[in-house]
Amino acid sequence: MPEPLLSIEGLSKTFHVAKSASGNTRLRALDGISLTVGRGETLGLVGESGCGKSTLARTLMMLETPDEGTVSFEGTNPFGLKGKELLAWRRRVQMVFQDPFASLNARMSAGDIIAEPWATHRSLYPTAKARADRVGELLQMVGLRASDARKSPQEFSGGQRQRIGIARALALNPDVIILDEPVSALDLSVQAQVLNLLNELQKELGVSYIFISHDLTVVRHVADRVAVMYLGRIIETGETEEVFDHPRHPYTAALMSASPKLDVSGAQRERIVLKGELPSPLDPPSGCRFRTRCWKAQDICAEVAPEPQVLTAPDGRRHLAECHFPLDAAKGLTSATAAAGAL
Ligand SMILES: Nc1ncnc2c1ncn2[C@@H]1O[C@H](COP(=O)(O)OP(=O)(O)OP(=O)(O)O)[C@@H](O)[C@H]1O
């Protein structure tokens, strides 16, 4: 793995909400998340809706304060910073949002949208000329023309708008960009162009990406490593190819089996149908959070929360999974679909 740039250790976030059926008011959206992001790498973050992906992104953007745990950026915890130091940290993590139509202010020109972050980071480009020149450069970096700065968002296609969103995220020269479903609102052909652009920018600038997506095909294509979330926890993480070829957590296997386009050793044909609904994060199951839907669950799964364990694949590659009964890597996904009762 490349040199860690961002390290997250035991991060938890609780929201206080209206009482659930069991009387709970504490919704633990993140529950002890530990992750690292290397310089210049892409970490894919996957999981069902409501598992906590956006909360993790918002916490890294410092829009939410965690109740426990640390985030460290080359050794500095941003949650302890104030004033100029805090501002400098905020510059380092930027975000691109899913919807390029909703995320750009229709009343501003493309140039003003890209230049907006400099209002709070004035020292970066202090003169009007420096800002105009840099806006032109950023537009060209994302495949648009410098003269496009004068146009309003409505004059651009969806793909072009997302390019403006990327230029805005690059305006502060960040080290990490969180991409929250950056291509899911775009047509397939445009998706490929935007993904290629992101890839080229990463090679050129050495920026790291946290790539949040429901689309496992896209994640397999873009991510160096992948982290799988379930009910506020990372239940499996490792190199993308390794996790996709040898999913060890039953939830990861189920998630992958639901993505028919995935080419997993030719074995990806049958779908694992999970029993039951996704439990509410207000009342998560005891022990292993996945056990109420897991075909491998035994008594211990209700009693003891599994710790992350290092698992070694037949080719020697290793990754982490939180499971008392991890799947057999040698047998792969076919054995999982057979055991789980595939469609
Ligand atoms: N501000 C908030 N107040 C109360 N509950 C919240 C708040 N933000 C998120 N949650 C809850 O926290 C849990 C995680 O939500 P989050 O939006 O992080 O999930 P997600 O994986 O990003 O989902 P999606 O893929 O649908 O965006 C959900 O149960 C959600 O309802």
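Modeller: Let's start with the labels: a helix here is a DSSP run of H or I with at least four residues, and helices are numbered from the N terminus. This is a predicted model.

Colleague: Thanks! Which helix gives the most to the shell around the ligand?

Modeller: H1 does, with three residues. The shell has 13 residues, and the closest include Phe15, Ala29 and Ser49, along with Ser54 and Thr55. Strand S2 (26–38) and helix H1 (53–60) are the elements that each give two or more residues.

Colleague: How should I read confidence, and which element has the lowest mean pLDDT?

Modeller: Where pLDDT is low, the predicted coordinates should not be read in detail. Helix H11 (residues 332–340) has the lowest mean, 50, while strand S7 (residues 208–212) has the highest, 98. For the protein, the mean is 89, and 92% of residues reach 70 or more.

Colleague: Now helix H6: which of its residues are buried?

Modeller: An α-helix has 3.6 residues a turn, so residues three or four places apart point the same way. In H6, Val194, Leu198 and Leu201 are buried. Seen down the axis, the buried residues of H6 fall within an arc of 65 degrees, so they line one face of the helix. Their cover includes helix H4 (128–141), helix H5 (158–170) and S7.

Colleague: And what does the face of H6 turned away from its buried side carry?

Modeller: That face carries exposed residues: Leu188, Ser189, Asn196, Lys203 and Glu204. Just after H6, Gly206 takes a positive phi of about 70 degrees.

Key: Residues numbered from 1 in each chain as written. Predicted model: local features only at pLDDT ≥ 70, side-chain atom pairs only at ≥ 80, totals over all residues. pLDDT = per-residue confidence, 0-100. Buried ≥ 20, exposed ≤ 12 C-beta atoms within 10 Å, placed from the backbone. Arc of directions from axis to C-beta. Contact = placed C-beta atoms within 7 Å. Near = placed C-beta within 6 Å.
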